[in-house]
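Please consult the sequence and structure shown here.

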Amino acid sequence: MEPGEPREPREPGPGAETAAAPQWEEAKTFYDNLAPQKKPKSPKPQNAVTIAVSSRALFRMDEEQRIYTEQGVEEYVRYQLEHENEPFSPGPAFPFVKALEAVNRRLRELYPESEDLFDIVLVTNNHAQVGVRLINSINHYDLFIERFCMTGGNSPICYLKAYHTNLYLSADAEKVQEAIDEGIAAATIFSPSRDVAVSQSQLRVAFDGDAVLFSDESERIVKAHGLDRFFEHEKAHENKPLAQGPLKGFLEALGRLQKKFYSKGLRLECPIRTYLVTARSAASSGARALKTLRSWGLETDEALFLAGAPKGPLLEKIRPHIFFDDQMFHVAGAQEMGTVAAHVPYGVAQTSRRTSPTKQATPAQ
């Protein structure tokens, strides 16, 4: 054979094909184990219950926020890039997001082809370069968050409707107010003063009634005319449903998912549980609240009428993943008892809050 002349291919010897097969299977198994585990497919936004969460709600970014405030955006971005392989610590919305994902796993088991699921979108005005650290943190905690919205210093609120957002949670009160003004269910989330264990298998969501699920109609009467006039008004209008408040649509979305479990005979084992926790008294003003929910085709699993008593001790027993209220006094009380509370800036209570001192909650950083 001349140098450089190609060799004639040899015929494989007896058993060569059989011997190659195990080697191929072994190599395939090796590379399959190296590949990331396949994650479930994201639902289409129009089919899902979309929860938009800000980066400072999902993760604790106290030091990063301090650098941004004291040293400016360039130093902030530099710090994030230098620490992008260090995952953030969980923030106040983290247990809530984990509970949403637990519900999704149950739904996928029962309805493998359905897209009627929770879909979490990370919404932040961070620079896109900071996204690497956020992605690393999400992967570190094995969260299933595929949709990001990073706006590089601009407000992300204009994108929420395009994402079909059912609820927006943020640590930034101004952005939450902007979302509420756009007709989007939104709340400012607050870190609890102490850590309390919450359920890993059941999503628990607690709502105030007036100015949260319902309009602020009744609160306006209390502010203007006092409790006696309020009780008279509620009795006279007991069979007239209240107008809807900013979070009525979110309760409706939760109820839609609950019914998917009910239809499988799992009402008592449903991984979603909802609570009405209201300062109303049952005898004098509770009937209208319950009849309003019924007129909407909605219900809560539990209804707690406190007749003006503090909400914190009851919430400590419920241990919800999140509690929504329009009054900062109740938010602070819940926070003191270890509850993740979220302020809904809607209704007449916001006007009085701006003009008079009130008990303040400590915001998430």
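Rings of Phe, Tyr and Trp (its six-membered ring) pair if their centres lie within 6.5 Å; planes under 30 degrees apart count as stacked, over 60 as edge-to-face and the rest as tilted. This is a predicted model, in which local features need pLDDT of at least 70 and side-chain atom pairs count only at pLDDT 80 or more, while totals for chains, interfaces and linings use all residues. Residues are numbered from 1 along each chain as its sequence is written, and side-chain values use heavy atoms, with hydrogens and water left out.

Q: How many aromatic pairs does the structure hold?
A: A pair of aromatic rings is described by the distance of the centres and the angle of the planes. By the criterion above, the number of aromatic pairs in the structure is 9.

Q: Are the planes of Tyr68 and Tyr76 stacked or edge-to-face?
A: The ring centres of Tyr68 and Tyr76 are 5.6 Å apart. Their planes stand at 75 degrees, so the pair is edge-to-face.

Q: Which strands stand at the edges of the sheet?
A: Strands are DSSP runs (E, at least two residues) and helices likewise (H or I, at least four), numbered from the N terminus; two strands pair if DSSP finds at least two bridges between them. The open sheet has 10 strands in the order S5-S4-S1-S6-S7-S12-S11-S8-S9-S10, with mixed pairing. Each edge strand has a single partner, so one side of each is left without a neighbour in the sheet; these are S5 (147-150) and S10 (302-305).

Q: In which sense do S7 and S12 pair, parallel or antiparallel?
A: The bridge partner of Phe190 in S12 is Ala341. S7 and S12 pair over 3 bridges, and the sense is antiparallel.

Q: How many of the 5 residues of S7 are buried?
A: Buried means under 20% relative accessible area, exposed over 50%, and partly exposed in between (1.4 Å probe, protein chains only). Ala186, Thr188 and Phe190 on one side of S7 and Ala187 and Ile189 on the other are all buried, which leaves both faces covered. S7 is largely enclosed by the rest of the structure, because the number of its residues that are buried is 5 of the 5.

Q: Which residue in S7 stands opposite Ser170?
A: S6 and S7 pair in the parallel sense over 3 bridges. The residue of S7 that stands opposite Ser170 is Thr188.
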